[in-house]
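Let's take a walk through this structure together, one piece at a time. Keep the 3D view open and follow along.

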Amino acid sequence: MTRVTPGVVAVALAIAAFLLAFLVVPVATVVYTAFSNADGGFTLAHFSAFAGISLMRESFANSLYVAGMTVLFASLLAVPLAYLTVRFQFRGAVVIHTLGVLPLIMPAFVGAAAMQLLFGRSGSLNLVLNDIFGFTVPLMEGLNGVIFVETLHYFPFVLLNLAASLANIDTSMEEAGQNLGSSGFRLFRKIVLPLALPGYIAGASLVFIKVFDDLGTPLVLNVTNMLAPQAYLRVTSIGLEDPIGYVICVILVVFSIAAMGGSWWFVKRRDFAIQSRGGVSAPRRRLTRWQAVLAYGWIGAVLLLVLSPHLGLLLLSLSKVWSFTVFPEQFTLAHFATVFEDSTRMIYNTFLYCGLAALLDVVLGTAIAYLVLRTKLPGRQLLDHMVTVALAMPGLVLGIGYLRTFRGVELPFIGPLTASWLIFVLAYSVRRLPYALRSCMAALSQVHVSLEEAAENMGASRWRTVTRIVVPLMMGGILAGFVISFVTAAGEISETILLTSRESLAPMSYGIYLYMQSIAGRGPGAALGVIAVVLIGLGTWFSHRIVASRSPHDVPGEKA
Amino acid sequence: MLASRIAFAAALLAPALALADTVTVVTSFPKELTAAYKKAYEAKHPGDKLEILNKNTAAGIAYVREQPVGSRPEVFWASAPDAFEVLSSAKLLQKVDSGNPAIPDKVGSYPINDPDGLYKGQALAGYGIMWNTRYLAANKLPTPKEWADLAKPVYFSHVAVSSPSRSGTTHLTVETILQGEGWNKGWAQLLAISGNSAAITERSFGVPDGVSNGQFGIGLVIDFFGLAAKNSGMPVEFVYPSVTAIVPANIALVAGAKSPEGGKRFIQFALSEEGQMLLLQKDISRLPVMPTIYAKAPAGYPNPFSGSIQAKVNFDTELSESRYYVVVALFDQMITFRHKELAQATKAIWDAEKRLGGKASPQLDEARKLTFTPVVDDKQIADKALLALFKADKKDEAASKQKAKVEEEWASKAKANYARAVELANGAK
C-alpha cells in the first residue's frame, strides 16, 4: 500500500466524474422523470397511471412470467449438464464446455430470426411433425418463442456458475456426511445442494435480469406485451416526454438491482467456507452403461438444440429461397456480397465503437483496480461499487437516460452528442466496465506488491512503476478484459436500437435488426449475423487463449 | 500513455465521421430501396452525402418533432399521406416549388401532390392481399380476392395483419377499409379478419416477411411488399381487392432543416426520370408517379394510370387525419392488445356456426354482434370532443389522464365482450 498523492486523487476524481456523468446522472434523470410532474414536483401519478393501464399490468406480468420460465427451463437444461461434468468421469466434458460458450457468442435476437424458420409455425420442425404425425408444436408462438430463444441463449450462465461451485465442493464434506450415515438423496439435500446453491443462485439471478431487461428478442419475435418493448415503443412513438416509459425503466432498474442484490445477500449469508481447498478434488464416478447412454443422449440433444440457431442462421445467410420447406431450396453467396457492398460501414462502426469502448474500459479498469488495491485513498471502494451497479443497469434504461440527459448537448468537432459516434462508445463502455474491472482486479491481485516496491526503491516514480512494472504484468488480464468488453458490446442491441439516429452511425447489431425488417433483407441480415457471430466467436476464443497462456508467473517481455 | 492513444485515435477518426453537406432522410422504407437511392444519388451529386434514418412512420414523426430547429433532418419520405398531414399541421414542412412536369396532378381522382405544395407524391401504392402459394396448397385453402374473403371461417389462424400504431401503411389499409365499407361494417370486417389472424405483427414488414417464409398463409400488405417478394423468387402472389385506394407515397422537405438546398436536390432527384426508374428494380417493385416510366416496365407490371387496378375508394385524407389517433388507439385496444381474446371469440363463433349448420341462433347472433362491433360507434366517432381529446398535447396532464381512462374503458369493454361472446357461442343452440 502506497501513499495518497495528488496525482492519485486527480485520477480518482476523474474516474468518479466519468461514472457520475455517464452512469449516475442518466439513470437518476430517468428515475427523477418518473417521479416528477410537469412543474418538477414529486408525484406518484405516473405510477398510478401505469397501474391503471391493463396493458401495462399485463406486460409486467408477462415479463415476470417469461423471466421466471426462462430461469426454470435454463435450470432444467443446465443442472444435469453441470452435475455430469463435475461428478462423472467421461469424455463428454469438453463438449459441455463448448456448450457453455456456443450460445453466448450469438446475440439472442440474431438467433431468434433463424429459430423462427426452424421452429416457427411453418418452420422445419413443424413441417416434419405435421407431415408424419399431423400436429405442430407452438414453440415460437408469442411468449413461448421468447422463453425458448432466451433459454437457449442464457442457460450457460447457470451451467458455468453451477459447475464452478460444484467443482469447489470438497470431497471431505461428502465423506463426512457419509461417515455419519447419510447417503443418496439425503446426502445431496443436506450437503451438495447447500454448498452448490450460491453458484446456482448467482447464475439464475443473472439469467432473470438479462431476460427481464431484454429488448431485441421480443421485438424480433413480434412480442410487444412485455415491459422492455413497451418502454421502447412509448419512447419512440409517443416521444421522450412520455412518462410511462420512465416508469417502466424504474421498474426494470428496481427488479434488476433487487435480483442482483438478493443473490449477493444470499451468497454472502449462505457462503459456507470450506477450510481445506485444493488437494482433494470431487470424486468422479464412472458412468454405468445405461448412465452413459442417458448422459450422452442428453448432451447430444442439448448440443443439437444449442447449435440450431447457428445452423439456421448459416442456412438463412446462404439460401436464395426458403419458404415453407424443411431446408432452403437454392443456395447463393449473394447475401454476403450485398453485405460487403452496402454495409462495410456497419462492420467498421462495430470495430470502432467496441474497440474504443473496450480500450476505455481497460484504462478505467486498470486505474480503478490500482486505486482500490494499491492505495489507501478514502472512499476508493465507492468507485468499485459504482461500477458494479452498472452491471445491473438495463441497456434500455441507460439509452433512454442518455437521450434525455444529453439532449441538446453540442460538442466541438462532434456536434450533438446524442447523434454522434461518441455516444455509442460511452454507452458501451459504461455497461461493460464491470467485466473489464473484474478482469483487471484479478490480474492486479496476482501481481505481488514487492515488485513495485523494488522498482520504487530503485528510484522509479509512481508513473514509471505503473507503466513499466504493473501494467506489463497485468497485460494478460487487461487483454482478456478488453476482449470481453469488445465481444459483449458487439452483440448489444437494447442501447443500440435507441441510440442509432442515422444509418451511417449504425453498428452491425443494428444493421442485422434493420435488414431483418424487409423481405429481400432477411438473407443479408443473416449474412451480417454470421459475420458478427464469427467475430464474437474468434474474440471469445482469443480471450480464453490469453487467459490460459498468461499465468501470473509469466516473465513479462521488455516492453508490452 | 493509453489516454493519449485514445485521443490520437479519436482525432484520427473524427474527420471521417463528421461529414459536410449531408442530406438526412427520415424514411420508413426498407434498406434495399434506400441503398439504391443512396448509391444513385451520391453518384450524381458527388459533393453530397445521403444519410438515411430508418424509422417507422410514427417514430419518424416523433423524431422530427423533437429535434430543435436547425438540426432537423432535411427530408421526410414515407408511404402514409396522413403522416404528412400531421407534419404539415404541426408546421414542420416547407414548400418545395420545383418538381417534375411529367408527373400528372391526379391519379384517378386523388391528387398526387399536396394542394398546398408542402409534400409531393413520389411513388404510388395500393393495398392488397398477399399469400404464400405453398402454404395455401398445403392447407387446402382457396385463393382470396376481396377483404371480405379474409373474414371467412376457412381462413381462421392463417391470416396476418400489422397494427396501425406501429405502421403507417397498415393505418392506410385500415382507413381505406373504414372509408370503403363505412365505419361499422368496416370495423366488423377488420375485427373478423384480425380474429382470423395468427398474429398482429410489430411492424408492417412482419406480415410480408411471415407470408414469404410460410409462417402465415395470407397477409394484408402494401403492394410493393407483395410484388418485391414475388419478383425475388418467393412462392407468393399478390392481388388488389376492389376496396382499395391508390395513394401516393410522399416526399417532403422538413422545415428548419440544416441544409434545405441539399434536401431540395434529393427531392428533385427522387422525382426525376432517373429516380423514378429506380422504383422498377426487382427488389423494390414500386409504382412510379411518372406515367411514361411504365412503358419501360416489365410485362404485367401493374399500372394505376391505365386502369389495370380498380380502386373504388377515393381516399379522404382529411377525414383520415382528423380521426388518426382515435382509429389507432381503438385498433390497439380492441385488437392488438386483446388479440388472444378476440381470436378465441372468433374461433368460438366459427365453431358454433359449423355445429349449427346454418341454423339461426339468437345467442350466436349476439356473440357475433359482441365480437364484431366496434366499442366506439359511428356516432361517437363524429364527436369533436373525443377527437380533440386524442389530439391534445402530451404535456396536458388532465387530458392524458382522461385519454388513458377512455382507452382503458375500451379495453375492458372489448375484453368483456369477447369473453361473453365465447360463452354465448359455446352455448348456442
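Start in chain A, where two helices touch. On the helix 5 side, Val110(A), Gly111(A), Ala114(A), Met115(A), Leu117(A) and Leu118(A) meet a set from helix 13 of chain A: Ser308(A), Pro309(A), Gly312(A), Leu313(A) and Leu316(A). Sort the residues of this contact by class and you get eight nonpolar, three polar and no charged ones. How do the two helices sit against each other? The axes of helix 5 (residues 108-119) and helix 13 (residues 289-318) of chain A come within 8 Å and cross at roughly 80°. An angle from 65 to 115 degrees counts as roughly perpendicular, so that's the label for helix 5 of chain A relative to helix 13 of chain A. Keep in mind that this is a predicted model.

Now zoom out. Chain A splits into domain 1 (1-29 + 347-504 + 555-560) and domain 2 (44-309), and their C-alpha centres lie 29 Å apart. Where they touch, domain 1 of chain A puts in 15 residues and domain 2 of chain A puts in 18. On the domain 1 side, helix 17 (395-405) and helix 21 (494-499) of chain A each supply at least two residues, with helix 17 of chain A giving the largest share, six residues. That side of domain 1 of chain A has eleven nonpolar, three polar and one charged residue.

Finally, hop over to chain B and find strand 7 (residues 119-125). Seven of its seven residues are buried, so this strand is largely enclosed by the rest of the structure. Strand 7 of chain B runs antiparallel to strand 13 (residues 247-254) of chain B, joined by six bridges, and also pairs in the antiparallel sense with strand 14 (residues 287-288) of chain B over two bridges. Look for Leu124(B): it stands opposite Pro248(B) in strand 13 of chain B and opposite Leu287(B) in strand 14 of chain B.

Definitions and conventions: Residues numbered from 1 in each chain as written. Chains lettered and ligands numbered in written order. Predicted model: local features only at pLDDT ≥ 70, side-chain atom pairs only at ≥ 80, totals over all residues. Buried ≥ 20, exposed ≤ 12 C-beta atoms within 10 Å, placed from the backbone. Helix = DSSP H or I, 4+ residues; strand = E, 2+ residues; numbered from the N terminus. Pairing = 2+ DSSP bridges. Axes fitted to C-alpha atoms, helices over the stretch in contact; angles between N-to-C directions. Parallel < 35°, antiparallel > 145°, perpendicular 65-115°, else oblique. Contact = placed C-beta atoms within 7 Å. Nonpolar A, V, L, I, M, F, W, Y, C, P; charged D, E, K, R; others polar. Domains from an automatic or database assignment.
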